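Subject: Handover of a structure, with notes

Dear colleague,

I am passing this structure on to you, and my notes follow below it. Please look at the sequence and the model before reading on.

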Amino acid sequence: MAKFEGGCSCGKVRYSGEAEPIFAGVCHCTACQKTTGSSFSSVVAVPAPALTVTGEVKVYDSKGDTGQATHSSFCPNCGSPVTATADIMQGVVMIRTGTLDDSSWVKPTMEIYCDSKMPWVALGGELKSFPKMPGPG
């Protein structure tokens with residue numbers, strides 16, 4: 001089991017938990033690009049019951065590239081995006097890896113929505129690449 005802690009830039013939102021990650025990956029979808037203000041989002045997914053969040057968060061609801069609802073939680077004080085959920089993945093919370101106090105244990109295995117990847121982005125490693133969201137199995 002991985003123990004993890006993290007929070008936003010100003011420290012008003014904190015989280016902690018203990019769980020085996022469901023997956024870790026990089027998403028290049030346009031929604032993640034807008035939410036992060038960057039070229040992609042790096043996340044580690046954990047079971048929702050394993051995560052405890054303290055402090056007030058605001059949630060921005062939108063639609064992901066699948067057409068289903070996504071929910072991005074962020075600190076209303078500093079604006080740091082902290083977690084995300086997607087209706088397509090019930091019971092899963094994706095932690096933005098940049099908010100972890102120690103992200104050294106996170107090992108992304110895939111990158112998704114590569115059809116939306118900014119053309120100058122080239123990630124190293126042995127990441128599996130998918131043009132959209134991988135199917136079950």
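In these notes a residue is called buried under 20% relative accessible area, exposed over 50%, and partly exposed in between, with a 1.4 Å probe and protein chains only. By that scale Lys-34 is exposed, with a relative accessible area of 73%, and it is found in helix α1, where helices (H or I, at least four residues) and strands (E, at least two) are DSSP runs numbered from the N terminus. The C-alpha atoms of Lys-34 and Ala-84 are separated by 13 Å, although the two are 50 residues apart along the chain.

Please keep in mind that this is a predicted model, in which local features need pLDDT of at least 70 and side-chain atom pairs count only at pLDDT 80 or more, while totals for chains, interfaces and linings use all residues. Residues are numbered from 1 along each chain as its sequence is written, and side-chain values use heavy atoms, with hydrogens and water left out.

The sheet

Two strands are taken to pair if DSSP finds at least two bridges between them. On this basis there is an open sheet of eight strands with mixed pairing, in the order β6-β7-β8-β9-β4-β3-β10-β11. Because β6 and β11 (128-129) stand at the edges with a single partner strand each, one side of each is left without a neighbour in the sheet. Strand β4 runs antiparallel to β3, to which it is joined by five bridges, and five bridges also join β4 to β9, again antiparallel.

Strand β7 contains Ser-73, which is buried at a relative accessible area of 13%. Not counting residues up to four places away in sequence, Ser-73 touches Val-57, Lys-58, Val-59, Ser-80, Pro-81, Val-82 and Thr-83, a contact being heavy atoms within 4.5 Å.

The core

A nonpolar core here is a set of buried Ala, Val, Leu, Ile, Met, Phe, Trp, Tyr and Cys residues joined through side-chain atoms within 4.5 Å. The largest one has 16 residues, of which Phe-4, Tyr-15, Val-44, Leu-51, Ile-95 and Leu-100 touch the most other members. At least two residues of this core come from each of β2 (14-19), β4 (41-47) and β9 (92-96). Beyond its neighbours within four places in sequence, Leu-100 is in contact with Phe-4, Glu-5, Gly-6, Tyr-15, Val-44, Ile-95, Trp-105 and Val-106.

The start of the chain

Met-1 lies in the segment before β1 (2-7) and is exposed, with a relative accessible area of 67%. Apart from neighbours within four places in sequence, Met-1 is in contact with Glu-18, Ala-19 and Glu-20. Its C-alpha atom is separated by 21 Å from that of Gln-90, which is 89 residues away along the chain.

With these notes, the structure is now in your hands.

Best regards
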